[in-house]
Amino acid sequence: NTNAPTENNPSTLLPSVIFEPINPQMTLQTWLSDQIMHYYVRRNDNQIDGYDFANGQGYYDNYWRTTYAAMSNINDMISAAEAEGLDAYVAAGKIFKAYYNAQISELWIDAPSSQAGLGTDNTNPAYDNQQAIYTQVLADLKEANTLLAGSTGFVAGGDVLFGGDVERWQKLANSLRLRYLLRLSNRSEVNAASEISTIVGDASTYPIITSNADAAFYDFSGVSPNISSFSNQAITTFSGMSMSKRIQDVYETYDDPRVDYFFRFPEDDTNYPDHEGVPNGITREAAQSWNGNGDANTSLLTTRFVENPGALDYMIISHAEVQFILAEATMNGWISGTPAQEYFESGIAGNLDYWGLPMPAGFLERADVAWDGTMERMIEQKWIAMFMNNSLEMWGTHKRTGLPNLVPGPLATTVTNGLVPTRVFYPVLEQSVNSSNYQSASSSIGGDNITAKHWYQ
């Protein structure tokens with residue numbers, strides 16, 4: 001084929017490495033983790049809300065397929081960049097390889113990693129266990145920071161994430177490392193306390209995200225094809241997406257300004273003048289007829305991101321999340337110098353600022369918002385801040401801490417005996433074409449079920 005390239009070009013591979021898995025992942029959040037984390041209820045399609053995860057197989061399979069395709073591009077990009085001495089592209093590849101491996105492990109626990117993305121060199125990759133996956137994730141992120149510090153930058157172009165800003169790539173690498181160190185902190189062999197202390201204590205070597213200007217997100221232009229899958233939905237889709245009762249109770253307790261930003265008031269404002277949520281995990285019939293008419297008498301999800309498709313971006317890791325990580329690390333005594341309360345309040349303020357919402361007068365002093373030194377209060381505010389800011393990662397926080405307290409509805413409890421799911425099923429095609437390795441991995445985690453324990457739990 002005289003029109004096909006014969007050599008890999010790091011600058012043309014980098015955009016696909018960054019962009020291709022984003023929309024499958026956003027779709028997965030919209031259908032899966034947003035409901036698991038009780039942000040809203042898809043009343044007309046409530047199988048996943050009832051933990052009937054087999055019904056959502058297409059969403060998981062698509063994310064598996066696109067992410068492993070990106071892994072193949074990452075391997076090609078790293079090889080080409082190493083040959084040309086382009087350390088920044090090698091580092092970017094390692095960062096996204098770490099990020100995608102961590103997400104895959106959050107969804108499936110054990111998965112192909114060390115042998116993944118090799119194309120025809122290995123069409124039946126073995127599965128790595130979660131400990132091995134996360135060990136490599138942390139190593140890749142640490143090495144990426146070092147490579148970036150000594151690199152000549154993204155001289156060949158192609159950086160659609162940060163426009164060639166090397167320091168922002170470093171901040172991404174180190175902030176992700178903080179996330180995953182905290183995720184694994186229950187495992188003594190990770191030595192999370194010492195590693196987090198080293199990062200936070202040496203800002204010149206390990207810069208991290210310290211403001212919304214540093215946050216790592218892909219900025220959708222809003223013009224197709226550079227538009228999020230969420231914003232690309234038909235307006236009519238939102239008629240069946242109601243606020244959850246769980247988040248309504250939290251929002252209303254202290255009159256949070258984010259409630260009006262993300263949710264619309266019921267159409268029947270005479271009988272229902274305030275926001276109205278729907279319980280998660282109830283039958284479709286009950287959800288559709290909630291308050292007599294779910295469409296008219298509940299708070300539906302905003303359509304602002306469809307009307308203005310450039311307003312919603314894909315968040316990799318936010319300033320608010322980093323602040324909550326530092327708050328928890330301080331509470332645990334791993335770092336010092338800045339009070340945990342200061343990080344906590346900065347996380348709340350950062351999230352409001354990210355959405356362009358002013359801080360209400362006295363908001364941080366309100367009884368149910370004010371810092372009280374408890375993990376429950378801190379994680380609850382983190383949960384609120386993670387809505388539309390990567391709920392898949394909030395699911396990981398919940399698996400580690402059991403917070404915030406989420407009570408599965410009656411429909412869901414018939415599937416999991418009252419447990420919140422921890423993972424999804426392996427792709428159907430994978431079970432067929434890589435059967436032996438699938439069977440081995442499934443057996444090692446106690447069966448391909450949605451409540452299997454993660455290594456870090």
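**Loops, charge pairs and backbone features**

Asp255 is exposed, with a relative accessible area of 57%; here exposed means over 50% relative accessible area, buried means under 20%, and partly exposed lies in between (1.4 Å probe, protein chains only). The model is predicted, and for this reason local features need pLDDT of at least 70 and side-chain atom pairs count only at pLDDT 80 or more, while totals for chains, interfaces and linings use all residues. Residues are numbered from 1 along each chain as its sequence is written, and side-chain values use heavy atoms, with hydrogens and water left out.

Asp255 lies in the loop between helix 8 (245-253) and helix 9 (258-262); helices (H or I, at least four residues) and strands (E, at least two) are DSSP runs numbered from the N terminus. Asn291 occupies the loop between helix 10 (284-288) and helix 11 (294-297), and is partly exposed, with a relative accessible area of 23%.

The backbone holds cis peptide bonds as well. One of them joins Ser224 and Pro225, with omega about 10 degrees. Pro225 belongs to the loop between strand 4 (216-218) and strand 5 (241-243). Another cis bond runs from Leu403 to Pro404, with omega near -5 degrees, and Pro404 is placed in the loop between helix 16 and helix 17 (410-416). As background, most residues other than glycine have a negative phi, and most peptide bonds are trans.

The charged side chains come next. How many salt bridges does the structure hold? There are 16 salt bridges, each being a side-chain nitrogen of Lys or Arg within 4 Å of a carboxyl oxygen of Asp or Glu. One of them pairs Arg177 with Glu195, whose closest N and O atoms are 2.6 Å apart. Because Arg177 lies in helix 6 (residues 166-183) and Glu195 in helix 7 (residues 192-201), this pair ties together parts that are 18 residues apart in sequence. Arg177 is buried, at 3% relative accessibility, whereas Glu195 is partly exposed, at 24%.

Helix 6 also contributes Arg183, which meets Glu393 in a salt bridge of 2.9 Å, N to O. Glu393 is in helix 16 (residues 391-401), so the pair ties together parts that are 210 residues apart in sequence. Arg183 is buried, with a relative accessible area of 3%, and Glu393 is buried at 1%. Through salt bridges that share partners, Glu106, Arg179, Arg183, Glu321, Glu393 and Lys399 are joined into one network. Elsewhere, Asp256 and Arg258 form a salt bridge, with their closest N and O atoms 2.8 Å apart; both Asp256 and Arg258 are buried.

Is Asp110 buried or exposed? Asp110 is buried yet has no salt bridge. The nearest side chain of opposite charge, Arg423, is 8.2 Å away, where Lys and Arg count as positive and Asp and Glu as negative, with His and the chain ends not counted. Asp110 is located in the loop between helix 4 (87-108) and strand 2 (111-112).

Finally, Ile133 is found in helix 5 (residues 130-149) and is buried, with a relative accessible area of 2%. Ile133 and Met77 are 56 residues apart in sequence and 20 Å apart in space, C-alpha to C-alpha.
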